[in-house]
Amino acid sequence: MTASFTRRGATTKSRMAPVGAIAVAGALLLTGCGDQTDKATGGTRTNTAPLFNLLPQEIQSAGVIKVGSDINYPPVEFKKDGKVIGIDPDLADALGKVLGVKFEFNNGTFDTLLSGLRSKRYDIAMSAMTDNKGRQEGVDPDTGKKAGEGVDFVDYFTAGVSIYTKKGDTKGIETWDDLCGKKIVVQRGTVSHDLAKAESKKCVQKKKGKISVEAFGNDTEAQTRLRGGGAVAGSSDFPVAAYAVKTSGGGKDFQLVGEQVEAAPYGIAVAKKNTQLRDALKQALALIIANGEYDKIIAKWGVQDGAVTKAIINGGK
């Protein structure tokens, strides 16, 4: 079965901000526009963004939030004509307007973003990163053991994992079970990578042959490998897989198969100790949801099915 670009059970109704959210937004505006006096100098700040004074002092002074991101994951974040564009950069711009600072995207491989956050190379990581308990607690997905300090997430989108194949050559693949004894390509360190390894173990238990998993530094490399016949399927987050199917080779290279699975939230990762920044981001997300900017951005990229209706911290399981 060939999957559609719309998640099962998706509604066509527009997402309207509830009355309560609008009331909260009004309260946030009043709070954010409160005392703009610089207590250190006795002067008045020139930044009048509604939520500026919720930010940590060092970020207020810098005027910038440094973002770690794997900028090769269209349509979530990618470069076009030298400019970083996509769902995440657009949402970051909207958040920056209500916070009164710029979000500066810095490119890095996905599997190094959390270590970069821990070393303070970045203030946040925003890169289609799935919020789950393992990342919250700093647990290695392969060993199940503590591997480092966990992070907190401000959840801003929901997506599942999809499988795609060469167009017209599905090899009968519709589910992960159909991949037993076959080869799949994924991006290293992603939920698709973790899922492929877990499903391979199930295949071995069923005596169907393991899934051969080839992992790459970015999703584009994985797609190139599949396009060249180096595997029978690829897997990535639904928005990314759907975008590749729509655009690669003018829509002639790939097709989605089966249904997306493991739906979970994307989160903006923040260091555990940086609760002030985490809470400021949550308030900013709540405000752009309430004022409609969030829905405009989600609609622009055609991913309304993954939209959230409220800001949540650590909603991943």
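These legends describe close-up views of salt bridges and a disulfide in a predicted model.

Local features need pLDDT of at least 70, side-chain atom pairs count only at pLDDT 80 or more, and totals for chains, interfaces and linings use all residues. Residues are numbered from 1 along each chain as its sequence is written, and side-chain values use heavy atoms, with hydrogens and water left out.

**View 1. Asp152 and Lys272 form a salt bridge.**
A salt bridge is a side-chain nitrogen of Lys or Arg within 4 Å of a carboxyl oxygen of Asp or Glu. Here the closest N and O atoms are 2.8 Å apart. Asp152 lies in strand 6 (residues 151-166), and Lys272 lies in the loop between strand 10 (254-271) and helix 9 (275-290), so the pair ties together parts that are 120 residues apart in sequence. Helices (H or I, at least four residues) and strands (E, at least two) are DSSP runs, numbered from the N terminus. Asp152 is buried, at 4% relative accessible area. Lys272 is partly exposed, at 31%. Buried means under 20% relative accessible area, exposed over 50%, and partly exposed in between (1.4 Å probe, protein chains only).

**View 2. Asp152 and Lys272 belong to a network of salt bridges.**
Arg278 and Asp279 are also linked in this network. By the salt-bridge rule, the model's count comes to 14.

**View 3. Lys183 pairs with Glu214 in a salt bridge.**
Their closest N and O atoms are 2.9 Å apart. The pair links distant parts of the chain, 31 residues apart. Lys183 sits in strand 7 (residues 183-187), and Glu214 in strand 8 (residues 212-216). Lys183 is partly exposed, with 24% relative accessibility. Glu214 is partly exposed too, with a relative accessible area of 21%.

Lys202 is partly exposed, at 41% relative accessibility. Glu199 is buried, at 14% relative accessible area.

**View 4. Cys180 and Cys203 form a disulfide.**
A disulfide is a pair of cysteine sulfur atoms within 2.5 Å. In this pair the sulfur atoms are 1.9 Å apart. The torsion about the S-S bond is about -75°, so the disulfide is left-handed. Cys180 is in the loop between strand 6 and strand 7, and Cys203 is in helix 6, 23 residues apart. Cys180 is buried at 9% relative accessibility, and Cys203 is buried at 2%. The count of disulfides comes to one.
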